[in-house]
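Visitor: I have a structure to look at, and I would like to learn how to read its features one at a time. Could we go through it together?

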Amino acid sequence: MKHFVIQELSEMDGGYTLDNKPLTNFILNVEKVIMSDTQMVVYKFEVVASDDVYTIEVTQLKLNKTKFLQNLPVCIEDEKNFYDLLRKTILHMKFSEEDIWYQTNCNGLQKIRNRHMFVFTNGSISKDGFHKEIYSGVGQMYIPPEAVENVDKNKEVIEKLFQQLNRNPRVFYPMFFMNIMAISNKYFKLNGEPSFMKITLWVDGEYGSGKTELAKAVGNYTFGDMEWQKFILCATGKRKQTLQCLACSSGSVFVLDDIKNERVRDRKNSVRNLIDDCIRSVFQGQMTETLNGDATPKWLDCCAVITGEYMDTEGSQNTRILYLKIDKFLSESGNSAALYILRDNPMWLTRVCCGYIQWLLKIMEESSFSELIKGNLEQLRNSEKIYNGFGGAERLNENSHMFEMATLLVGKYFKDIGMSEDFLQCFHKNAIYSIKTITDDTFFLLGGEQMIVYKVFERLFLKCSIRKASYIEDPFLYSFFNIGERAKYEQKYFCIDINEDFVWIDDYKKSLLKGSRGENEQYDENPCLIIRAERFQALFKEEINILLEEDSLSSAVADNLMCNLLKKLRKMQIIYKMNRPDSALGRPSPDYPVFRSDKFVSCWENASDDDEHFTNYEPTLQINTKLPCIRILKERMENEECTNDNITNWKPYNPEPSEIFKCRKAFINNKSLYKE
């Protein structure tokens, strides 16, 4: 601040004097503050009274009309004379560039004095360093000036930070990327992508899993005060205070902690409304609620982290979040050790993010950078859509692209400052893994049980056996007079063995053709996939248990899914039903011929009564071959990964092949997918 020398007054013993008579018991320092949005001038006075120092901001109107120091515990002997001389002096005072400060009305990326700056509560970052004279003064977004370091020191800090993040990239990397996206989203907004890099991460976990500690350690790179304490807001606080903090969060991550599924309806609705306001405001880049009666839109360029029990919101809101489940996170020693180190070294994350800010401010001035980013984004959007088949698929793919873009940006930053190739490869591998994991988790959440079922089917189709039924003509077809009554193909190849998983029939109508002497054979191309109901439920349960062991699924969701599983699969149009007049859903698993390859006879003639059960009719499921994951089975069959027909010993003595034919026909007839 500039020392304030008032015309006609002298200084003595820590105060101003007039004609050698004490006038005040304090002296003043002053700086000129220009409000960047309105260009209004505000004078910031520092009042030094003995051992006490007070700071007060005064507009030009207040300077001319009021005795603005009257509420401070200071003494002025002749107020009229003192204020007249003060006003006269300051109106003619010349301020150097160093004594003029700039205060913005928001945080984050903005243009100040014709150059891009990244503004915080207590200062700003340019491509060449920290500037305390340009600040916002709003919110709890403080940055230590020492966090803006040179490249060599930053490389050391990056190594230290990622030694800890690499202990558990599934959890730590998404939290880190939230900071990068919060920093970057205003740049994308300036380049015509107003909703890109704007996302809310929901961190869900049981009590004591480490959600709050994780949010404090890696959730936000800025600090809540000048003591460099991390600031997160509890969901149980006042709604107005929460929204005010959110409105000031541009350029950083807004953290809302400790969401609970309240039992009292009013409190539950209040929390749900607060969550909706947060998610919607972040996505739209604008506060959905007016604050302090101000109807002016509060523009917002930030990301958000919500910790606590997941609460289902509106359908459109669900697609604006990514979901990270961290049950048992702290119970693993590696995680708790990493969290302890990160908590004790909060400057690491801040320094890495500040270094990224400086790099971004430099490179965004290059004309080729904008085209490079647009090209990469277009390439991501034109790539294969990983998630399909439900209402939020398009948005989830876009959310995945946000994390992929953050990976590209940070990877380029690390490469430009000279990080080692080994470091870059490890970072890229862990980033891809974390993105796949978190988007898969969100995929399950958004589609509920159906998405979990799809994941189980993908796993089953990758590992289970699959036999492609063969079309072998019946050698006895022409030995019988009544040729039209006999099936054209040997029926045993279309049955299921007790030890098999899936059987694929290229066209079930063709498999049921009757013998014909040169007549045209008419049939549709309708593949059929079948599996014994008992075998399927055992395989499905096994995969669910694996998901539970991997912490990819909660026990409550698993138990609910396994309850009435076949009924749910019918409603999801994953398996067919047999139409029945007494049930809307019908039977899920009609009977189908099943052979027991461990009980066979050498030929039909010497079959005995003991072999009468060697061919059974068991409940069997027909799977919908329109499922997207059916491609896995098709690829396996194309690569000849299906089992061979090893059924030469299947002797359908009891019942006759004609009875098997009738059973198979009954299985196919009168079946359909369930539709509401």
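Visitor: Where in the chain is confidence lowest, and where is it highest?

Guide: This is a predicted model, and its mean pLDDT is 86, with 88% of the residues reaching 70 or more. Confidence is lowest in helix α8 (residues 315-318), at a mean of 70, and highest in helix α4 (residues 169-190), at 97. Over residues 600-613, pLDDT stays under 50.

Visitor: Which residues of helix α3 are buried, and why do they lie on the same side?

Guide: The general idea is that an α-helix has 3.6 residues a turn, so residues three or four places apart point the same way. In α3, which runs over residues 151-165, the buried residues are Asn154, Val157, Ile158, Leu161, Phe162, Gln164 and Leu165. These residues lie on the same side of α3 because they cover an arc of only 145° around the axis. Asp152, Glu156 and Gln163, on the other side of α3, are exposed.

Visitor: Which residue caps the N-terminal end of α3?

Guide: That residue is Asn150, which has a side-chain oxygen 3.3 Å from the backbone nitrogen of Asp152.

Visitor: In what order do the six strands of the open sheet stand?

Guide: The order is β19-β21-β22-β26-β25-β20, with mixed pairing. Because β19 (466-468) and β20 (496-497) stand at the edges, each with a single partner strand, one side of each is left without a neighbour in the sheet. For β20, the pairing with strand β25 (residues 591-595) is in the parallel sense, over two bridges, and Ile496 stands opposite Val594 in β25.

Terms used: Residues numbered from 1 in each chain as written. Predicted model: local features only at pLDDT ≥ 70, side-chain atom pairs only at ≥ 80, totals over all residues. Heavy atoms only, no water. pLDDT = per-residue confidence, 0-100. Helix = DSSP H or I, 4+ residues; strand = E, 2+ residues; numbered from the N terminus. Contact = heavy atoms within 4.5 Å. Expected span 1.5 Å × (residues − 1). Buried < 20%, exposed > 50% of the residue type's maximum accessible area, 1.4 Å probe, protein only. Arc of directions from axis to C-beta. Polar contact = N/O pair within 3.5 Å; in protein donor to acceptor, adjacent residues only side chain to side chain. Pairing = 2+ DSSP bridges.
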